Amino acid sequence: MNFKILLAKKIKTSLQLLFVSTLLIVNIYFAEFIFPSRSINTGSTSSPQLTVLAVQDEQGSDNNLNTYIKFKASDKQYLSIFKFNASSIANPTILKSEFHANSRGPEKFVESRKFQLFNNSEKWLSIADNLNIQNELRSSDINSSIKDAGQFINNDHSNALRYKTKSSVDKNQPGYFAFVINSSRSNSTMDTSGLTGGTTVMPRTTTGSRRGRWQPVPGLKWQIQYTGTLDTSLKVDVYNIDLFDTSTAVISELQSKGKHIICYFSAGSYESWRPDASAFPASVLGRKLDSWAGEKWLDIRQLNILIPIMQARMKLAADKGCNAVDPDNVDGYSNHTGFPLSYNDQLVYNIAIANAAHNLGLAVSLKNDVDQIKDLVNYFDFAVNEKCFQYNECNTLIPFISASKAVFGIEYNLSDSSFCSQANAMNFDFLKKKLSLDAWREPCR
């Protein structure tokens, strides 16, 4: 073959590959679930907090009053407007949007229920109703594909859903509202190695990034220290340190050395020595934590009280420059707290914590709470675990590794020779530490 022809073909092939690669890099696709952030009611509501609508946990004849909102109609109607904070992606192009709901209630001929969206022409357009609900004693799924979804997204990346009934029947029991939004944006700096198939590509860097926030991945060297003089000289990638006890200057110093900072606070317990301790009313304080003086479990069902406190703590973390937060004691439902906390109570609270962290651009860990990992792994960016080898429960953490999310672990009582090889084989990042969590550490890798 003529050398010039061969060279021309190679150049053409190279340009084609470059063009395809450019398309893969430029067109980045995202899929995200968004849930109600607040509501404006024109009727009365007897219910738990709004965040129950973010968990799809009612099915069939389930009738747990803590997992749905029960609307009380007045004047032969009920009307409520729910605001959703839409895509967190900068300058998104909305490709597709679907509305999903789960509800108990009577048939349409008994009580007509409508879901409507407010568009950019300031009109309410119906997107779904209860036509296919046939038994008020069972939960039914309502799914609707939304045409021309971009018309419903406001300049502040929010949309408004109106839920409307024309009846005085007191049997409205929605348990789940969510939008699934598929969108794209252009970003030539993205690495397409994060391609997972279908519609979703998450941007990745050496340590990872999701929606602009840090994403810890397996294999990072880390240190956790809450007591004693902080050793800032370690050759590690990540420091897990106390939010309140660590100054902005120290965090800045560590970050100038290329470290990522996880800031610890307790989200499920009251600590009498913290500067915001007076913000906790007596009504949310439960039993004392065993072996921890001055610490009490919190009634996590009281979201209207606790979430603003935790948001303020995470705002402090963001202001100090923390890359992530490590909320502790988020498994109260499985402990003797003094409150009748349920599995779902804990899910709702933990999801609210994760969403609040993400709204501030912070990554967030799931601390312990191993029995709920299957339901929470998609909401949290990494795991921090204590003593899973001692308790023989490490397999529950595998979903984080499968999602390319780091598992930072600690053993206090076992010898490193008894767990490190297994931790390494599972791609966990484990340390042997003293219970005091001072500077001493023995890393597995």
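Buried means under 20% relative accessible area, so Trp222, with a relative accessible area of 1%, is buried. That cut-off will be handy in the views below, which all come from a predicted model.

**View 1. Trp222 and Phe408 form a tilted ring pair.** Welcome to the aromatic side of this structure, where a search of the whole model finds 17 aromatic pairs. In this one, the ring centres of Trp222 and Phe408 are 5.0 Å apart and the planes stand at 40 degrees, so the pair counts as tilted. Trp222 belongs to strand 14 (residues 222-225) and Phe408 to strand 23 (residues 407-411), which puts the partners 186 residues apart and links distant parts of the chain. Phe408 has a relative accessible area of 0% and is buried, and Trp222 is buried at 1%.

**View 2. Tyr226 pairs with Tyr264.** Here the rings are 4.5 Å apart, centre to centre, with 35 degrees between the planes, and the pair is again described as tilted. Tyr226 sits in the loop between strand 14 and strand 15, while Tyr264 lies in strand 16 (residues 260-266), so the contact ties together parts that are 38 residues apart in sequence. Tyr264 counts as buried, at 8% relative accessibility.

**View 3. Five aromatic residues gather in a cluster.** Ring pairs link Phe99, Phe115, Tyr163, Phe177 and Phe179.

**View 4. Lys367 meets Asp326 in a salt bridge.** Now for the charged residues: the whole structure holds 11 salt bridges. In this close-up, the side chains of Lys367 and Asp326 come to 3.2 Å, N to O. The lysine is part of strand 21 (residues 363-367) and the aspartate part of strand 20 (residues 324-328), so the bridge ties together parts that are 41 residues apart in sequence. Lys367 is buried at 2% relative accessibility, and Asp326 is buried too, with a relative accessible area of 0%.

**View 5. Arg274 reaches Asp245.** The closest N and O atoms of this salt bridge are 3.9 Å apart. Distant parts of the chain are linked here: Arg274 is in the loop between strand 17 (269-271) and strand 18 (285-288), and Asp245 is in the loop between strand 15 (238-242) and helix 2 (248-256), 29 residues away. Arg274 counts as buried at 7% relative accessibility, whereas Asp245 is exposed at 58%.

**View 6. Asp429 forms a salt bridge with Arg445.** The closest N and O atoms of the two residues are 2.8 Å apart. Asp429 lies in strand 24 (residues 429-432) and Arg445 in the segment after strand 25 (442-443), so parts that are 16 residues apart in sequence are tied together. Asp429 is buried at 4% relative accessibility, while Arg445 is partly exposed at 37%. Elsewhere, salt bridges that share partners join Asp242, Asp245, Glu271 and Arg274 into one network.

**View 7. A cavity is lined by residues that include Trp222, Asp429 and Arg445.** The structure holds 1 cavity of 30 Å³ or more, and the volume of the largest cavity is about 40 Å³. Leu220, Lys221, Trp222, Asp429, Phe430, Leu431, Arg441, Pro443, Cys444 and Arg445 make up its lining. Strand 24 contributes the largest share of that lining, with 3 residues. By residue class, the lining divides into 6 nonpolar, no polar and 4 charged.

Key. Residues are numbered from 1 along each chain as its sequence is written. This is a predicted model: local features need pLDDT of at least 70, side-chain atom pairs count only at pLDDT 80 or more; totals for chains, interfaces and linings use all residues. Side-chain values use heavy atoms; hydrogens and water are left out. A salt bridge is a side-chain nitrogen of Lys or Arg within 4 Å of a carboxyl oxygen of Asp or Glu. Helices (H or I, at least four residues) and strands (E, at least two) are DSSP runs, numbered from the N terminus. Buried means under 20% relative accessible area, exposed over 50%, partly exposed in between (1.4 Å probe, protein chains only). On a 1 Å grid over the protein atoms alone, a cavity is a set of points where a 1.4 Å probe fits but cannot get out, and a pocket is an open set with protein on both sides within 12 Å along at least five of seven lines; lining residues have an atom within 4 Å of a point. Grid points are joined across faces, edges and corners, and a volume is the space filled by probe spheres set on the points. Ala, Val, Leu, Ile, Met, Phe, Trp, Tyr, Cys and Pro count as nonpolar, Asp, Glu, Lys and Arg as charged, and the others, Gly among them, as polar. Rings of Phe, Tyr and Trp (its six-membered ring) pair if their centres lie within 6.5 Å; planes under 30 degrees apart count as stacked, over 60 as edge-to-face and the rest as tilted.
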